[in-house]
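Visitor: I have a protein model open and would like to talk it through. Could you take my questions as they come?

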Amino acid sequence: MKLASLKGGRDGRLVIVSDDLSTCVDASAIAPTLQAALDDWANIAPRLEALARDLASGAATGQPFDQAAAAAPLPRAYQWADGSAYVNHVALVRQARGAELPDSFWHDPLVYQGGSDSFLGCRDPIMLADEAWGCDMEAEIVVVTDDVPQGVTSQDARGLIRLVGLVNDVSLRNLIPGELAKGFGFYQSKPASALSPVFVTPDALGARWREGKLHGTLSVDLNGKPFGRADAAVDMTFDFGTLIAHLAKTRSLGAGTIVGSGTVSNRDAEGGPGRPVDDGGLGYSCIAEERMVQTIQRGAPETSFLQDGDTVRIWMEDEQGKPIFGIINQRVKRLA
Ligand SMILES: O=C(O)/C=C/C(=O)CC(=O)CC(=O)O
């Protein structure tokens with residue numbers, strides 16, 4: 001089942017979207033918002049599934065689904081906890097700012113809590129006040145949990161994942177070093193993130209969803225050119241079950257918690273940090289990685305961070321080449 005929230009009010013209006021994303025049907029008579037559905041998932045989900053079957057069979061009349069009219073599936077959420085499960089990414093961004101990579105990062109997940117009071121829709125602009133802040137995209141996978149009990153095992157946590165989607169976890173690279181040095185973690189360096197227009201239940205992902213990971217190429221284009229083609233399941237050191245168990249070690253998690261994978265990042269076939277797509281590699285899911293590789297190879301970064309007017313496109317295709325979660329397609333806009 002695929003779910004979205006059409007823009008309207010603070011929390012949007014819940015719709016069920018057809019598999020091919022062409023049509024949707026209002027589900028607000030069952031649950032007005034996605035959060036309301038998650039709050040009572042065991043009872044609500046079977047009713048939503050029945051409506052999804054009616055949409056697929058034609059028994060329910062759909063309307064055209066316009067991704068541009070979609071808010072984030074959860075326009076605001078009780079919690080957004082972003083992991084950093086691709087240690088290749090952490091190694092490169094740390095190298096870029098001269099910070100060490102502790103060995104513990106290979107067995108103890110790194111997580112921060114991001115702002116969840118306003119997620120951007122998939123076509124909302126990235127409002128940037130100052131290009132000197134070093135604006136970067138980070139293409140990631142997210143899952144949404146049901147209620148998670150404190151102390152859950154990673155195996156049980158996998159069974160509490162209700163939805164899967166994509167995020168652009170926008171980062172301001174040049175604010176990060178000073179902010180992390182203060183000791184309380186990210187705040188100003190993590191502006192609003194954008195979510196994919198559609199979230200999908202794990203069962204509807206078939207074989208792409210296994211062992212707590214999403215399998216498939218996460219495509220990232222920068223200004224219309226291929227920039228990243230990494231596989232989301234490859235080099236993911238911590239699966240989502242492990243990330244959730246880490247989050248719930250000392251407290252329970254409320255239904256609707258969004259958990260991020262961290263920037264998807266693959267090493268290249270020779271074990272190196274990766275090559276650009278136009279050089280035959282899998283590219284990068286953020287600009288900071290490419291800049292670091294350029295610095296290693298040629299002594300200085302060449303690719304600019306995001307400027308006014310730049311566009312970022314993030315999506316994952318199914319076997320027929322159709323976007324599974326819709327497309328995040330954002331333009332950077334100077335904040336006047
Ligand atoms: O350590 C840094 O300089 C920056 C790290 C990130 O941006 C981490 C993050 O958001 C999680 C991730 O994408 O892996």
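**Charged pairs and overall fold**

Guide: Arg-158 counts as partly exposed, at 27% relative accessibility. Partly exposed lies between buried (under 20% relative accessible area) and exposed (over 50%), with a 1.4 Å probe and protein chains only. This is a predicted model: local features need pLDDT of at least 70, side-chain atom pairs count only at pLDDT 80 or more, and totals for chains, interfaces and linings use all residues. Residues are numbered from 1 along each chain as its sequence is written, and side-chain values use heavy atoms, leaving out hydrogens and water.

Visitor: Which side chain does Arg-158 meet in a salt bridge?

Guide: Asp-239, at 3.2 Å from N to O. A salt bridge is a side-chain nitrogen of Lys or Arg within 4 Å of a carboxyl oxygen of Asp or Glu.

Visitor: Is Asp-239 buried or exposed?

Guide: Asp-239 counts as buried, at 10% relative accessibility.

Visitor: How many salt bridges are there?

Guide: The count comes to 15. One of them joins Glu-131 and Arg-334, with the closest N and O atoms 3.7 Å apart.

Visitor: And where do Glu-131 and Arg-334 lie?

Guide: Glu-131 is in the loop between β8 (126-128) and β9 (135-136), and Arg-334 is in strand β21 (residues 328-334), so the pair ties together parts 203 residues apart in sequence. Strands are DSSP runs (E, at least two residues), numbered from the N terminus.

Visitor: New topic. How much of the protein chain is buried?

Guide: Of its 336 residues, 54% count as buried.

Visitor: What does the C-alpha trace span?

Guide: About 60 × 45 × 40 Å along the principal axes.

Key:
Helices (H or I, at least four residues) and strands (E, at least two) are DSSP runs, numbered from the N terminus.
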